[in-house]
Amino acid sequence: MTGPGRETPPDLAAPDLADQPKLADLDDACRAEALRWAGIGIAALAVAGVLALLLALARTPVVQDLLPWPWESFFPKALVSHVVLSVVVWFLAALGVLTTLASGRLGADRSSGALRHATGIAGAACALLVGPALLDLGAPSLNNYVPVLDTPLYLAGLLLLALAVALPCLRLLSRLTLRALEDPLVTVSAAAALAYLSALVCFALGVWLTEPMADRKETYEFMFWGGGHILQIVNALLLIGAWATLAGWAGMRPILSPVPFALALGAPTLVALGAPFIYLFADQNSGAAYRAFTQLYVIALAPTLAVLGLAMARRAWIDRRRLSMRDPAGAALVLSLVLFGLGGLFGFLLGQGDTRTPAHYHAAIGGVNLALFGLFLALVPLLANKRAGTSKARWLLLWLYGAGQGLHSLGLFLAGSAGVARKTAGADQALDSAWKMASMGVMGLGGLIAVIGGVMFVILAGRDAWGSDIDKNQRGGKAPAFREETQSCRGDST
């Protein structure tokens, strides 16, 4: 039992995507598969962090001369791999976790066909996405959403990743019934799975219909633009699911019951499913499809995220006596809402070619990351039959990452307002005023703080997934009592 004023009546429990009774009832194969998907996401972030360090060293005088790669060629290639691991692979691994758990609730068979090898395929894909940069292969294309190294190895990695994630999505959808949508985990996972498959159709049509251009980067930009926008709908659906889960774990009451929750997810999902038809009515090579996907993206996401985000924030304020910022779940939820809201605000104030654009997406992506960090920190130990580690460290990393990304984005926004161009470095930034210098200083400080938080997440989540502190007495048994875990994280009295 929790301390005074912290009890959560069963009838007020928020939609809980991984509540203990159902999680404990999943078979070992399901939990092991979900843990492997989580491990792929954590490993992708870890490798992305190593690449980020190499990128910093590659720009450091004297040190750059000691590296085995020429700075001019290695830097953009490592940047491509860093982005695709930290954004694309990380988010799609989270989709793999949720679709696997949802399929387990529906009794799906994981023992047949290619599904047994889905996570292995994803692991091989990650190796192909990193290898070309380290081997100095392929021309880099820093196009939006899915940056590319123009080499068969890297393109094969993208294809294998797409296939690996599609397998658990198709398995879930093959088992789906209307009655199953009463389960919030099944609802959000099915919505994200449908949007993901629609993104794959858009990628295929984009590749088929795009005519080669003189500028290879522009070619890839057109190829991946449509599907990349639909992937953002997938990420938004993951964010909504994570918010709902964290709210339940933090003791908040639900903002919606299961049926309205499913209807709220229906709007962006239907938009995503309709996206491939754009290619029938808009010329892919004229820019018409390019503009249409941008408008579709705004229509699909802005209203849904604004309404649900504001409703969640309002509920958090009303239930503030239940909600403790000392609780990692509560901290992750509130910080995610704040940082994502900041990114949304910056999105309405974008400039032309300046750093206000990266300010917007760093804050928005940071908000999604915080929600998934909170989700993984509680979920991974349960999947691995472990006791969650020290809650203070988990609480601290969330605050470090959230505050750091907030400062980083604010610095970029202020610098962009003063005219600092995006995608520039060194003298090309033209930091010719004290305001520009100070803004970029805030950006750098915030980035450093956020990196510390991100490294802590990789260490703690990685230890949960693979560390040696497993309770051997619980191997093969039920997961630790979830409510006990969350109460101990809050520091509640018993």
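Predicted model: local features only at pLDDT ≥ 70, side-chain atom pairs only at ≥ 80, totals over all residues.
On the H10 side the contact is made by Leu 305, Gly 309, Met 312 and Ala 313, and on the H11 side by Leu 333, Leu 337 and Phe 340.

**The chain as a whole**

- The protein chain comes to 15 helices and two strands.
- Of its 494 residues, 55% count as buried.
- If you look at contacts with a separation of 6 or more, 84% of them join residues 24 or more positions apart.

**Helix H8 on its own**

- H8 takes in residues 258–274, which makes 17 residues, and it reaches 24 Å from its first C-alpha to its last, close to the 24 Å expected at 1.5 Å a residue.
- There's a bend in H8 of about 30° at Gly 266, and a proline, Pro 268, follows within four residues.
- The buried residues in H8 are Phe 261, Ala 264, Leu 265, Pro 268, Thr 269, Val 271 and Ala 272.
- Those buried residues pack against three helices: H6 (184–209), H7 (216–249) and H10 (288–318).

- H8 and H10 pack at about 170°, and their axes are 9 Å apart.
- Since an angle over 145 degrees counts as roughly antiparallel, that's how H8 and H10 run relative to each other.
- In this pair, Ala 264, Ala 267, Pro 268 and Val 271 of H8 meet Leu 296, Ala 300, Thr 304 and Leu 308 of H10.
- Over on the H7 side, the axes of H7 and H8 come within 9 Å and cross at roughly 170°.
- H7 and H8 are therefore roughly antiparallel to each other too.
- Here Ile 230, Ile 233, Leu 237, Ile 240 and Ala 244 of H7 meet Phe 261, Leu 265, Pro 268, Thr 269 and Ala 272 of H8.

**Trp 90 in helix H3**

- Trp 90 lies in H3, which covers residues 71–105.
- With a relative accessible area of 0%, Trp 90 is buried.
- Leaving aside residues up to four places away in sequence, Trp 90 touches Gly 41, Ile 42, Leu 45, Leu 85, Asn 369, Leu 372, Phe 373, Phe 376 and Phe 457.
- Gly 39 sits 51 residues from Trp 90 in sequence, and the two are 9.8 Å apart in space, C-alpha to C-alpha.

- H13 is followed by Gly 419, which has a positive phi, near 105°.
- Arg 394 is one of the residues in H13.
- Arg 394 is buried, and its relative accessible area is 1%.
- In sequence, Arg 394 and Ala 461 are 67 residues apart, while their C-alpha atoms are 9.4 Å apart in space.

Methods. Residues numbered from 1 in each chain as written. Heavy atoms only, no water. Expected span 1.5 Å × (residues − 1). Bend = angle between axes of the 7 residues up to and from the residue. Buried < 20%, exposed > 50% of the residue type's maximum accessible area, 1.4 Å probe, protein only. Contact = heavy atoms within 4.5 Å. Axes fitted to C-alpha atoms, helices over the stretch in contact; angles between N-to-C directions. Parallel < 35°, antiparallel > 145°, perpendicular 65-115°, else oblique.
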